[in-house]
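Thank you all for making time this morning. I would like to walk you through one structure, a few places at a time, and you are welcome to stop me as we go.

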Amino acid sequence: MSKWQAIATGELSVKLKEKLAEIAAVLRSTNGPADNPGLMGGMTGIALFFAHYSRFSGDEADADRCFELFSQVFDLVNSGYDLHSFAIGLAGIGWAFRHVVYSGFLEADADELLAEIDPHLEQMMIADMKNGEYDFLHGALGAGVYFLHRRRRDLFSACLDRLLEELEARAETENGEWKWPVTIDSDSGQRGYDLSLSHGSASIISFLASLRGYGIASDNTARLMEHAAAYLLNQARDPAVGPPCFPSVIGAANGQTHFDNPLAWCRGDLGIAASLLRGARSVANRKWEEKAIAVLLASTKWKAGKGQGPDSAQICHGTAGAAHIYNRIYQATGIDTFRESACDWLEQTLALAVFPDGYAGFKSFHSRTQGWVPSYGFLEGIAGIGLALLASVSPDPPLWDQALLLS
């Protein structure tokens, strides 16, 4: 399929649009956490929602809301906010600001503003690389995503070349498989290998696919991707056995595998197989594509209302995230099973808006100590839920999901 389609129709479409309006009303009344300008949990994520929602609503007030939020974000940045990660820092803020400007949501001189944060992000990316911190949300790969979409060739070409060189130099190699050791348990210091889209090998594959989409270092990225995918595929169980098919982490000392809920963006089959499909399409590898689709089809066996899958609505590891990935895969493949699964999880997302003291009825489960808490944010709150709902009722491609390495 070449053109994005709104998958929700009839009564479902009506209900989703009503919930979208409710989410927008809540987000109009807040700036989010006053001390968090970041993308995943702060003001930038809310601004991203209003950028895309403004085109859908046709209301100039929503576009103005986006502008107001970014003004406050850059006030904080200019006051000394220098955290650098994609999740909470300048890499995510810079990506989002460039996205809304170059997508025509805002009129501003993005180059002038972003030139002030480029040197700091380059310095921090190099420091993360030297420390072996490649994490997408918190390390070098997030800065790589920023520089990729920054599209200032005198800057990003050198930065991305260094990132690729460092990935190759630090890979553990065996039988053509490349993997990158990380700390998988911060309490014990246990080392291992992370396969997930949020933190591990799948994010590297998806990032390499993005590089190839821009025609950057094509031969080198194809080679890196081949070795990374070889390791990833060798860890998979037969889809007939799953879900889950892919482990999220593997212990370095004992080889013990940990399987997560397969219906999550952050960890599990959906995020990993979606990245593998992106990689397969970027190098025209039919074998990888068939494996990715088989895993994704197996994941559709998990059904809402049967005690399976997510029990919260967030993008990160909730029903909205599952719905959006199935929507994205349907648009890429035309396989109707994925559209049906997307609609099922959209229905379940609406069914989870049951908290009288939640935001638009939603809360997310954070931890045993925090329990269920309301959140405004992109990754775990209603800004992200709203964007996923919007992608199901709008014919506009949801290019905001570049922030999730899905496009």
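This is a predicted model: local features need pLDDT of at least 70, side-chain atom pairs count only at pLDDT 80 or more; totals for chains, interfaces and linings use all residues.

Let me begin with the core. The largest nonpolar core has 137 residues, and those with the most contacts inside it are Phe49 and Trp265. Helix 15 gives the most to this core, contributing nine residues. As general background, nonpolar side chains tend to be buried together in soluble globular proteins. If we look at Phe49 itself, and leave aside residues up to four places away in sequence, it touches Leu20, Ile23, Ala24 and Leu27, and also Ala383, Gly386 and Leu387.

Now to helix 6, which covers residues 118–130. Which residues of helix 6 are buried? They are Asp118, Leu121, Met125, Ile126, Asp128 and Met129. Because these residues cover an arc of only 160 degrees around the axis, they lie on the same side of helix 6. On the face turned away from that buried side, helix 6 carries the exposed residues Gln123 and Lys130. After the helix comes Gly132, which has a positive phi, near 70 degrees.

Strand 3 pairs with strand 4, residues 190–194, in the antiparallel sense over four bridges, and the bridge partner of Asp185 is Gln190 in strand 4.

Two single residues remain. Gln235 sits in the loop between helix 10 (218–234) and strand 5 (249–251), and its side chain reaches the backbone oxygen of Tyr231 at 3.0 Å. Not counting residues up to four places away in sequence, Gln235 touches Glu177, Leu195, Cys245, Pro247 and Ile250.

Asp396 is found in the segment after helix 15 (382–393). Is Asp396 buried, exposed or partly exposed? Its relative accessible area is 35%, so Asp396 counts as partly exposed. Asp396 and Phe56 are 340 residues apart along the chain, and yet their C-alpha atoms are separated by 8.7 Å. With residues up to four places away in sequence again left out, Asp396 touches Trp4 and Arg55.

Definitions and conventions: Residues are numbered from 1 along each chain as its sequence is written. Side-chain values use heavy atoms; hydrogens and water are left out. Helices (H or I, at least four residues) and strands (E, at least two) are DSSP runs, numbered from the N terminus. The expected span of a helix is 1.5 Å times one less than its number of residues. Buried means under 20% relative accessible area, exposed over 50%, partly exposed in between (1.4 Å probe, protein chains only). The arc is that of the directions from the helix axis to the C-beta atoms. A polar contact is a pair of N or O atoms within 3.5 Å; within protein, one must be able to donate a hydrogen and the other to accept it, and residues adjacent in sequence count only if both atoms are side-chain atoms. Contact means heavy atoms within 4.5 Å. A nonpolar core is a set of buried Ala, Val, Leu, Ile, Met, Phe, Trp, Tyr and Cys residues joined through side-chain atoms within 4.5 Å. Two strands pair if DSSP finds at least two bridges between them.
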